[in-house]
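Work through the exercises below with the model open. Try each task before reading its solution.

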Protein chains: 2
Amino acid sequence: MWPEVFEQLVVKNDSKIIFLVLDGVGGLAMEGKGGTELQVARTPNLDALAAKSSCGVFDLVYPGITPGSGPGHFALFGYDPLTCNIGRGVLEAAGIEFKLTGKDVAIRVNFATADQQGNLIDRRAGRLDTEENKRVCAKLRQRIHLHAMGVDVFIEPVKEHRAAVVFRGENLSGDLEDTDPQITGVPPKAPKATSPEGERMIPLVTAFLEQAHKILADEPKANTMLLRGFAKFHPYKTMTERYGLKCLAVANYPMYRGIANILGMELNPITENIKTQFEAVGENFKKYDFFFVHVKYTDSRGEDGDFDAKVKVIEEVDSLLPILTDLHPDVMVVTADHSTPAVLKAHSWHPVPVLLHAKYVRVDEVKAFNEIACLAGALGQQPMVNLMPLVLANALRLQKYGA
Amino acid sequence: MWPEVFEQLVVKNDSKIIFLVLDGVGGLAMEGKGGTELQVARTPNLDALAAKSSCGVFDLVYPGITPGSGPGHFALFGYDPLTCNIGRGVLEAAGIEFKLTGKDVAIRVNFATADQQGNLIDRRAGRLDTEENKRVCAKLRQRIHLHAMGVDVFIEPVKEHRAAVVFRGENLSGDLEDTDPQITGVPPKAPKATSPEGERMIPLVTAFLEQAHKILADEPKANTMLLRGFAKFHPYKTMTERYGLKCLAVANYPMYRGIANILGMELNPITENIKTQFEAVGENFKKYDFFFVHVKYTDSRGEDGDFDAKVKVIEEVDSLLPILTDLHPDVMVVTADHSTPAVLKAHSWHPVPVLLHAKYVRVDEVKAFNEIACLAGALGQQPMVNLMPLVLANALRLQKYGA
């Protein structure tokens with residue numbers, strides 16, 4: 001792990017760092033395709049950049065471990081993914097830019113439809129219209145009160161049938177199981193604790209659900225709710241505090257905006273496509289030190305199992321790459337938060353290629369940006385949490401250690 | 001880190017180990033040169049040795065971290081550089097072979113010249129003649145007394161305007177800032193603590209300075225002093241205690257002699273050049289198990305930014321290498337304590353090549369001793385603190401672990 005003592009070595013300067021994350025870009029060969037998605041894609045710009053960079057193949061969390069997007073990104077930004085594993089509820093709340101505090105427990109909510117006996121008919125309330133969701137949340141917010149139990153409650157719509165609930169109070173715990181039974185024809189599960197601290201939450205959660213059910217009773221679709229991903233929020237030192245970097249996140253999807261938000265980055269407004277994302281870096285180039293650019297579609301096409309479509313996204317990124325490289329950042333990184341091989345249709349445990357370009361990198365013999373070529377790179381194979389120190393060193397933002 | 005449990009596996013035998021450290025030899029490609037310093041240098045002997053060795057590329061402290069010479073050498077000798085970071089004052093005192101104890105705080109001293117108002121005119125007292133330095137130190141030593149405060153004080157000349165001061169007493173602390181203001185036209189800074197333990201040192205340091213200033217008042221040049229690098233000495237287990245090795249250091253520069261001294265090595269008298277250093281190994285070959293041979297000039301020429309001169313030093317080492325290899329040591333190591341690329345004119349964070357030759361190494365496909373070729377080596381990329389266990393294993397000085 002990136003030892004805290006090293007944060008004392010951080011100095012500031014005017015260098016610019018572009019950190020391009022191609023979500024899930026790591027892949028696997030699929031029969032008949034002739035290699036992994038990155039090997040098959042024609043990527044002249046990435047390959048030319050690799051040829052004058054240091055490359056490597058990094059494990060996000062630990063060899064053999066398949067990272068969720070949370071741990072993957074924490075590792076990318078130099079936060080130990082084993083000690084900084086944030087819960088799903090926190091990611092949901094952060095993703096809608098809710099400002100969490102150390103007193104908060106956040107929960108993902110699915111609005112759902114139950115029959116008169118309370119058995120679930122639809123776990124997503126017919127994929128509720130987002131406007132309906134907002135109305136229902138406002139109604140709940142107005143009428144639910146947990147002040148008597150010493151707790152403030154926040155109810156925020158997300159999208160379709162999804163919302164976020166945040167409890168704020170002293171000594172709250174996120175050690176509770178989901179109430180979602182994952183099937184219809186049964187009622188939601190009763191709240192259940194996974195620790196003695198969680199046990200103390202049962203009266204609070206029960207009171208919340210009782211009030212909510214009364215308020216939602218007359219709703220045609222959203223007449224019940226399922227609580228998932230209970231998570232206590234533990235604030236982290238921001239990247240500004242740790243590295244002295246003023247950071248901009250150019251990410252269009254809630255989870256990644258949420259992570260960036262938690263780590264103290266400012267959020268660029270959501271843009272239309274990859275091209276406008278890349279252009280946003282140029283438009284803000286003077287105002288920030290560090291640009292986290294998150295491309296989602298490599299992962300999405302991998303999850304779809306669509307090898308060719310994932311190759312196309314990679315080729316699109318490659319064709320747009322000059323928008324970033326023409327800015328001549330002092331440090332340019334291209335990598336991923338995990339692999340999503342089309343052949344697996346899911347995140348996987350395979351390490352990801354890393355490309356690090358800067359004035360003082362040791363140029364190795366790697367001439368292509370893919371999982372196999374990068375094995376011969378000067379960065380070798382390491383834990384991803386090591387990448388940020390390397391980035392800071394190459395930005396000349398780390399002083400010498402020891403006499 | 002080299003876990004202490006392994007020290008229990010150490011056994012003794014008659015094997016001989018030569019550990020050749022080319023200070024700062026790791027480099028970077030410089031435009032128009034065609035590679036790094038090691039790649040450009042003609043090194044037939046090193047390359048032939050690499051071809052029958054295991055090679056690798058090791059990080060001294062941590063990826064991205066630029067090591068000072070202290071942490072670099074501690075890692076080379078199997079001491080965790082994160083927990084064994086010794087201060088500059090200790091290195092200075094050890095470098096003049098002062099025998100430090102666990103009760104000591106060591107300080108680097110610059111003799112300096114101040115005007116009648118006490119403002120600094122020359123922070124180096126006109127680079128005082130070393131003989132003058134000795135006279136001034138003797139005068140101070142004779143007349144300064146801190147016995148009333150329960151402290152012995154030692155004042156030792158180093159070279160030119162530099163001296164070392166050691167306070168010896170109970171519960172002393174090195175948590176103090178330098179009194180050197182780094183500029184002229186102002187007086188030296190007052191002693192200032194960086195911790196409550198350091199706070200307790202203020203009366204002692206103030207009394208020391210008051211006495212010293214009275215004694216130095218009639219000096220034409222050295223009429224004041226600047227205190228730098230306050231450091232408490234924490235004794236380490238020696239290499240003899242840890243590894244059962246009787247060690248000789250063949251190093252000509254004070255800092256490296258100091259480190260060797262701290263780790264329990266005996267010090268060969270200072271020799272004239274690299275050739276006489278290498279010859280000293282042969283002359284003492286029967287008397288020791290482990291030979292630390294330190295070549296300084298690779299680092300010096302890197303610090304000068306003189307790529308070609310660094311290449312020349314590497315070629316000189318290569319041409320002299322048979323003096324060492326003809327001794328047929330059981331284990332021969334060639335590596336560095338850090339990189340000093342000429343293009344950076346300073347220590348850098350880049351890992352260093354390692355060559356390990358012994359009877360039972362697994363010979364890899366590396367046929368040249370440089371930063372890029374060694375990436376393909378059997379030792380891979382690892383933390384440098386792992387090297388000593390590999391050396392001991394290859395010397396057949398480590399027993400099996402576990403049943």
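**Exercise 1.** Give the strand order of the open eight-stranded sheet in chain A, and find its edges.

*Solution.* The order is E9-E8-E10-E1-E11-E12-E2-E13 in chain A, and the pairing is mixed. Strands are DSSP runs of at least two residues (E), helices of at least four (H or I), both numbered from the N terminus. Two strands pair if DSSP finds at least two bridges between them. Now take the ends. Strands E9 (266-267) and E13 (380-383) of chain A each have a single partner strand, so one side of each lacks a neighbour in the sheet.

This is a predicted model: local features need pLDDT of at least 70, side-chain atom pairs count only at pLDDT 80 or more, and totals for chains, interfaces and linings use all residues. Residues are numbered from 1 along each chain as its sequence is written, chains are lettered from A and ligands numbered from 1 in the order written, and side-chain values use heavy atoms, without hydrogens and water.

**Exercise 2.** Characterise the packing of H2(B) on H12(B).

*Solution.* Start with geometry. The axes of H2 (residues 44-51) and H12 (residues 307-325) of chain B come within 7 Å and cross at roughly 50°. That makes H2(B) oblique to H12(B) (under 35 degrees is roughly parallel, over 145 roughly antiparallel, 65 to 115 roughly perpendicular, the rest oblique). Next, list contacts (heavy atoms within 4.5 Å). Pro44(B), Asn45(B), Leu46(B) and Leu49(B) of H2(B) meet residues of H12(B), including Asp318(B) and Leu321(B).

**Exercise 3.** How many of the eight residues of H13(B) are buried, and what follows H13(B)?

*Solution.* Buried means under 20% relative accessible area (exposed is over 50%, partly exposed in between; 1.4 Å probe, protein chains only). Six of the eight residues of H13 (residues 387-394) of chain B are buried, so H13(B) is largely enclosed by the rest of the structure. Among them are Leu387(B), Val391(B) and Asn394(B). Leu396(B) follows H13(B), with a positive phi near 55°.

Methods
Axes are lines fitted to C-alpha atoms, for helices over the stretch in contact, and angles run from 0 to 180 degrees between N-to-C directions.
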